[in-house]
Amino acid sequence: MDVGEIAEVLKQHQRFVSGKSGGKRAILREVDLSGLRLPAVDLTDAVLTGSDFSNCILEGVKFDSADLFGADFTKANLQKSSFINADLRRARLNRANLRGANLTGAKLKGADLLNADLSGATWSDGKTICAEGSLGICN
């Protein structure tokens with residue numbers, strides 16, 4: 001899938017989440033999106049299973065209720081992104097920047113958070129705010 005096709009899928013998804021005609025849920029299974037800049041995009045309810053977001057700039061992206069099972073976010077900038085009720089099972093978040101992210105209700109079973117920066121993130125319980133310097137585990 002080339003960048004133009006991905007842009008069209010994302011455009012249709014924006015219409016979908018805003019309830020406008022011509023909208024269609026984004027379904028991007030096992031797509032290589034590595035290195036892209038997609039700041040502040042709304043990917044609520046998107047199906048992104050197994051997709052590669054490594055080294056992406058995804059600051060402020062809304063992944064609420066998205067299917068991210070097995071997705072790769074290695075070294076991605078996810079600062080202040082929202083993952084409320086997202087499926088992150090078996091996702092790779094190694095060395096990802098999750099500073100200030102919201103993980104309330106996220107399914108994290110089997111997720112790899114090795115050296116992920118969780119400073120200031122809201123943990124999956126919706127109550128715990130990870131302390132400054134939380135790497136790989138919410139302290």
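Select Cys-138. Cys-138 has a relative accessibility of 19%, so it counts as buried. Buried means under 20% relative accessible area, exposed means over 50%, and partly exposed lies in between, using a 1.4 Å probe and protein chains only.

A word on what is on screen. This is a predicted model: local features need pLDDT of at least 70, side-chain atom pairs count only at pLDDT 80 or more, and totals for chains, interfaces and linings use all residues. Residues are numbered from 1 along each chain as its sequence is written, and side-chain values use heavy atoms, with hydrogens and water left out.

**Stop 1: the disulfide**

What do Cys-130 and Cys-138 form? They form a disulfide, with their sulfur atoms 2.1 Å apart. A disulfide here is a pair of cysteine sulfur atoms within 2.5 Å. In general, a disulfide is a covalent bond between the sulfur atoms of two cysteines. By the distance rule, the count comes to one disulfide. Now look along the S-S bond. The angle about the bond is -115°, and the link of Cys-130 and Cys-138 is left-handed.

Is Cys-130 buried or exposed? Cys-130 is buried, because its relative accessible area is 3%.

**Stop 2: another cysteine**

Select Cys-56. Its relative accessibility is 1%, so Cys-56 counts as buried.

**Stop 3: the helix**

Switch to a cartoon view. The protein has one helix and zero strands. Helices (H or I, at least four residues) and strands (E, at least two) are DSSP runs, numbered from the N terminus. Select 3-17 to see helix 1.

**Stop 4: positive phi**

Move to Lys-75, in the segment after helix 1. Lys-75 is not a glycine, yet its phi is positive, about 60°. Lys-75 counts as partly exposed, because its relative accessibility is 44%.

Next, pick Arg-95, which also lies in the segment after helix 1. What is phi of Arg-95 near? It is near 55°, a positive value in a residue other than glycine. Arg-95 has 46% relative accessibility, so it counts as partly exposed.

**Stop 5: the whole chain**

Zoom out. Along its principal axes, the C-alpha trace spans about 45 × 25 × 25 Å. Of the 139 residues, 45% count as buried.

Finish with contacts, meaning heavy atoms within 4.5 Å. Among contacts between residues at least 6 apart in sequence, 6% join residues at least 24 apart.
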